[in-house]
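Please look through the sequence and the structure shown below, and then follow the paragraphs after them.

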Amino acid sequence: MIQPEELVQVSEAARALRDNIGQVMVGKEAVIDLLLVALLCEGHVLFEDVPGTGKTTLARSLARSLACSFQRIQFTPDLLPSDITGITFFNQQRGTFEFRPGPLLAQIVLADEINRATPRTQSALLEAMEERQISVERETIALPRPFMVIATQNPIELEGTFPLPEAQLDRFFMRLRLDYPTAAEERQILRRFRQRQPLTGLQPVLSSEQLARFQQVVRKVEVEESVEGYLIDLVRATRQHKAIELGVSPRGTLALYRASQALAAIEGRAYVLPDDIKRLAVPVLAHRLLPTGQASLRGQSLEKLITSIVESMPVPVEP
């Protein structure tokens, strides 16, 4: 069971991260909270939105707020697996083979425009995301912990891209969107970025050691049996829905469970509420579904399908 002092530490750390990132990002508190949930669950995040909404800026802001190593990879069709994992080369001066690490051997990795890379390069990233290791010259190298991949892709421009297969999409803990800002937020963005780039002044507010400890602490958050049953019923409903061909996998069930624990801890609670699960259902589950051909033709989005399932599911009440 999580201790009160541990709960306070997690909640305060989340608030410090939110405030620090908020110096750069305008009006994206809800998305920042979801990003912090994924961070505490050791999950990877896919940002899918139109260009220019701040996906890369948000990823950089998170990396600068953490005292963790950071690398950015610009994915292109000619990018090779060795370009991201690293290579072994012969050092003529020393007369030995040496390993030159690639950008994947960092704690926070920004994979920009991931769908522009070939499936071969995407598979190298897939191993790193799932196994927390890379393979070079038949040897496996463990990645540093904590380790998080923040990937971005543009869903509108499809020319010259390689769509992510369902198996790789399922490896992402969440899929998030930033959307366009309101008129007031856009005015604030103009004024904030008018004279300087606020990203350059960000300082770390959380160390990698603290983060690793908090990632273990959030798993102590209590999930009452009826709430656990509600979560399972919600996931199983996606496998029986007539508009869904492929429902949520057990990996998705576990992701929603852990995400609800982290969200509760961030909000200062030692227990999960059904509302936590309802709030997280779309970002954690929607990208793991495969709609039927008829549902796609009707224009039923995965987000709307998940929302309809959540609305139709009876919520447990406290006895």
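A residue is called buried under 20% relative accessible area, exposed over 50% and partly exposed in between, with a 1.4 Å probe and protein chains only. Because Cys41 has 9% relative accessibility, Cys41 counts as buried, and Cys68, with a relative accessible area of 13%, is buried as well. This is a predicted model, in which local features need pLDDT of at least 70 and side-chain atom pairs count only at pLDDT 80 or more, while totals for chains, interfaces and linings use all residues. Residues are numbered from 1 along each chain as its sequence is written, and side-chain values use heavy atoms, with hydrogens and water left out.

The structure holds zero disulfides, a disulfide being a pair of cysteine sulfur atoms within 2.5 Å. Cys41 is in no disulfide, and the nearest cysteine sulfur, that of Cys68, is 16 Å away, which is too far for a bond.

Ser65 belongs to helix 3, residues 55-65, where a helix is a DSSP run of H or I with at least four residues, numbered from the N terminus. With a relative accessible area of 0%, Ser65 is buried. Its side chain reaches the backbone oxygen of Ser61 at 2.8 Å, and the side chains of Ser65 and Asn20 are joined by a polar contact of 2.9 Å (a pair of N or O atoms within 3.5 Å; within protein, one must be able to donate a hydrogen and the other to accept it, and residues adjacent in sequence count only if both atoms are side-chain atoms).

How values were computed:
Helix = DSSP H or I, 4+ residues; strand = E, 2+ residues; numbered from the N terminus.
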